[in-house]
Amino acid sequence: MPPRAFSFHKMTLSEIIYEVQELGVKSTRVESDVRKWVNASQKKIAQRRNWTFMRAQQPFAITGAVVALTSNSAANPSVVVSAAHGLTTGRKYTGSIDDVATSYPTINGERTITVTSSTGFSVPVNVTTAGTGGTITFRSVSLGSTFKCLASEKSPVTYDDPTGTNPRPIPVDVISRAISNRIGYYNPSVNTVTNSYPIQYVFLEQNGPTGEWGLYLPPQYQPVAITFNVSGYFYPADLSLGTDSNALTNHPMLEEALINMTKARAYFAEEVDNPKGSAALALAEQAIRSAQYSDVAQEFSGRPIRM
């Protein structure tokens, strides 16, 4: 049966898997294997450049203010009930937990947490005796597993000014947490009433406590609930459902590259030096190069290109 013609309009994961299996995989693999190869190929293509479709601005909230805790459960992970914190459900943060009583083992100290609701979060501690009370001060928010890099604007990070002037640019520095914690770094002026420093910089940590890129506020900075708007490049999310698609799978040339790169992985899974796999990789490379020229034209559309 002749291969089905490519469909360049909103191609879904199921359609990509069909194309891969239809176009030459001798031993049909289970769908989970092909899905894994599709996502690995997608990540490799996205790593090639800062594609226009990967550029976005996303908000990341940090509650630098102290939040009261009610209890933490005897569970693994332990679930903490807190006052309303204003953070994003499902996102990872780090925070300093203090004054929790009776919990064994204790959850006090700097912890990586995952927000589970508007008034709760989980802590990766195997607690056998529940605890009560305490406080937490959130200082870091993960930019997520899809974050690639900041955009090239003069100030790629802004913050929502609580006085109503939005948004305000703020300097950002890629630095280690140890250096950013040194009192007097950038010599910010101290608030003699609260004995703390106003926010003058936000720090970007690579592979911070959450294992991902994160925005971090040093403890000497004045506690404040703040939302940063990060302009950067974000990888397309993994495809898991058959109906999933994204800007990469909907791109005519990168869709073709994704199919051929996945085909190559399937061929090489059957035979390490399979010549059909090498041919599929060559076709994928050709499609990627064509997409790069197209993407550059889109990026500079309407603007003069200065060499």
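These legends walk through several close-up views of the predicted model shown above. Residues are numbered from 1 along each chain as its sequence is written, and side-chain values use heavy atoms, with hydrogens and water left out. As this is a predicted model, local features need pLDDT of at least 70 and side-chain atom pairs count only at pLDDT 80 or more, while totals for chains, interfaces and linings use all residues.

**View 1. The whole chain, before zooming in.** The chain has five helices and 15 strands; helices (H or I, at least four residues) and strands (E, at least two) are DSSP runs, numbered from the N terminus. Of its 307 residues, 40% count as buried. Here buried means under 20% relative accessible area, exposed means over 50%, and partly exposed is in between (1.4 Å probe, protein chains only). The accessible surface of the chain is about 15,400 Å², and 53% of that belongs to carbon and sulfur atoms; the areas come from the Shrake-Rupley method with a 1.4 Å probe, and for residues only the protein chains shown count as cover. Take the contacts between residues at least 6 apart in sequence: 70% of them join residues at least 24 apart. Contact means heavy atoms within 4.5 Å.

**View 2. Tyr93 and Phe138, an aromatic pair.** The structure holds five aromatic pairs. Rings of Phe, Tyr and Trp (its six-membered ring) pair if their centres lie within 6.5 Å; planes under 30 degrees apart count as stacked, over 60 as edge-to-face and the rest as tilted. For Tyr93 and Phe138 the ring centres are 5.9 Å apart and the planes are at 70°, so this pair is edge-to-face. Tyr93 belongs to strand E4 (residues 92–98) and Phe138 to strand E8 (residues 135–142), so the pair ties together parts that are 45 residues apart in sequence. Tyr93 and Phe138 are both buried. Ring pairs also bring in Phe121, giving a cluster of Tyr93, Phe121 and Phe138.

**View 3. Phe147 and Phe234, another of the ring pairs.** With centres 5.6 Å apart and planes at 70°, the rings of Phe147 and Phe234 are edge-to-face. Phe147 sits in strand E9 (residues 147–150) and Phe234 in strand E15 (residues 225–234), so to speak a link between distant parts of the chain, 87 residues apart. Both Phe147 and Phe234 are buried.

**View 4. Charged side chains over rings.** The charged end of Lys43 sits over the ring of Tyr235, 4.6 Å from the ring centre. Arg49 lies over the face of Trp51, and here the distance to the ring centre is 5.4 Å. A charge sits over a ring if NZ of Lys or CZ of Arg is within 6 Å of the ring centre and within 35 degrees of the ring normal.

View 5. E4 pairs with strand E5 (residues 109–117) in the antiparallel sense, over six bridges. Two strands pair if DSSP finds at least two bridges between them. Look for Thr94, whose bridge partner in E5 is Thr112. E5 also pairs with strand E6 (residues 120–123), again antiparallel, over three bridges. Ser117 has Gly120 in E6 as its bridge partner, and E5 and E6 form a hairpin with two residues between them.

**View 6. The loop between E4 and E5.** Asp99 lies in this loop and has phi near 65°, a positive value in a residue other than glycine. Thr102 is in the loop too, with a positive phi of about 70° although it is not a glycine. Asp99 is exposed, at a relative accessible area of 65%, and Thr102 is exposed at 56%. Ser103, also in the loop between E4 and E5, is buried, with a relative accessible area of 10%. Leaving aside neighbours within four places in sequence, Ser103 is in contact with Asn72, Val127, Thr129, Ala130 and Gly131. A cis peptide bond joins Tyr104 and Pro105, with omega about -10°.

**View 7. Helix H4, end to end.** H4 (residues 252–270) has 19 residues and reaches 28 Å from its first C-alpha to its last, close to the 27 Å expected at 1.5 Å a residue. The expected span is 1.5 Å times one less than the number of residues. Buried residues of H4 include Leu254, Leu258, Met261 and Tyr267.
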